[in-house]
Amino acid sequence: MLVKAAEDKINEINRRLELRKEFKGPKVLLMAELFLVMAAGLYLLKMILVSGDLSAQGDDRILSLLMFGVNILMMILAMHAAFGVSSKRISSWCTVVRNCGLLFIMSTLTYFTQIRLDMGADVTFDPILAGIIAIPVIIIMLLPSVREFYMPPMAEKKPLVNWILCLFGIGMYSSDEYELKYD
């Protein structure tokens, strides 16, 4: 009798574990990951194009090295954000949204800086291309179903304003909210 009850309990636990393995979150997050991998690929392509200018002399070489370094940093941020999408932590949500905003801002800044410095057109990205990649990811991450995926278990839902404030380092949940209180 006890053996049968133990087997039933083990089977129930195994069934619950299988259900947890199947659920990976909202399917729209796959599209966000795809956009972030595309952004990393574009930065890799841009690094390859900029590396051709590294043989230049003088100020052009310094600018090329600087642009190469910025592109490496941006590719790393894009990959970091892509890997963080599937994590269920609020800090991962913040990282993805921050990195996408940074990808768009840095792409815009480098585009206009390169045009102003009269660098070659083959190493510039139009900010519209960066926007086509970064803005949909930000919109996806702001969807209520996606934000719910990143909420801690048994935590109350917070409004969008709290999520946006979280991007600036303002904590969304205090440690008191994580305490279990017994009567």
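## A first look at an all-helix model

Let's start inside: F149 and Y150 are both buried. Here "buried" means under 20% relative accessible area, "exposed" means over 50%, and "partly exposed" is in between, with a 1.4 Å probe and only protein chains counted. Keep in mind that this is a predicted model, where local features need pLDDT of at least 70 and side-chain atom pairs count only at pLDDT 80 or more, while totals for chains, interfaces and linings use all residues. Residues are numbered from 1 along each chain as its sequence is written, and side-chain values use heavy atoms, with hydrogens and water left out.

**The overall picture**

The protein has seven helices and zero strands, so reading from the N terminus you simply get α-α-α-α-α-α-α. Helices (H or I, at least four residues) and strands (E, at least two) are DSSP runs, numbered from the N terminus. Of the 183 residues, 34% are buried. The accessible surface is about 11900 Å², and carbon and sulfur atoms own 67% of that; these areas come from the Shrake-Rupley method with a 1.4 Å probe, and for residues only the protein chains shown count as cover.

How far apart in sequence are the partners in contact? Among contacts between residues at least 6 apart in sequence, 68% join residues at least 24 apart. A contact here means heavy atoms within 4.5 Å.

**The core**

In soluble globular proteins, nonpolar side chains tend to be buried together. In this model, the largest nonpolar core holds 34 residues, and L36, W93, V96, V137, M141 and Y150 touch the most other members. For the record, a nonpolar core is a set of buried Ala, Val, Leu, Ile, Met, Phe, Trp, Tyr and Cys residues joined through side-chain atoms within 4.5 Å. The elements giving two or more residues to this core are α2 (28-51), α3 (59-84), α4 (90-116), α5 (127-142), α6 (144-150) and α7 (160-167).

Leaving out neighbours within four places in sequence, L36 is in contact with A78, A81, A82, V85, V96, C100, L103 and V137.

V137 also turns up among the buried residues of α5, which are P127, A130, G131, I133, A134, V137, I140 and M141. Helix α5 has 16 residues and spans 22 Å from its first C-alpha to its last, close to the expected 22 Å at 1.5 Å a residue. That expected span is 1.5 Å times one less than the number of residues.

**Aromatic pairs**

A search of the whole structure turns up two aromatic pairs. Rings of Phe, Tyr and Trp (its six-membered ring) pair if their centres lie within 6.5 Å, and planes under 30 degrees apart count as stacked, over 60 as edge-to-face and the rest as tilted. W93 and W163 make an edge-to-face pair, with 4.9 Å between centres and 70 degrees between planes. W93 sits in helix α4 and W163 in helix α7, so this pair ties together parts that are 70 residues apart in sequence. The other edge-to-face pair is F149 with Y150, at 5.2 Å centre to centre and 85 degrees between the planes.

**Salt bridges**

Side chains of opposite charge can pair when their charged atoms come close. The whole-structure search finds two salt bridges, each being a side-chain nitrogen of Lys or Arg within 4 Å of a carboxyl oxygen of Asp or Glu. E148 and K157 meet at 3.2 Å, N to O, while K158 and E156 have their closest N and O atoms 4.0 Å apart.

How buried or exposed are some of the residues in this tour? Here is a selection.

| Residue | Relative accessible area | Class |
|---|---|---|
| W93 | 0% | buried |
| W163 | 1% | buried |
| E148 | 44% | partly exposed |
| K157 | 59% | exposed |
| K158 | 16% | buried |
| E156 | 53% | exposed |

**A few more stops**

H80 is in helix α3 and is partly exposed, at 46% relative accessible area. What does H80 touch? Not counting residues up to four places away in sequence, H80 touches T95 and N99. H80 and T95 are 15 residues apart in sequence and 8.2 Å apart in space, C-alpha to C-alpha.

Helix α3 also contains S64, which is buried at 2%.

Finally, S92 in helix α4 is buried, at 4% relative accessibility. Setting aside neighbours within four places in sequence, S92 is in contact with G84, S87 and Y150.
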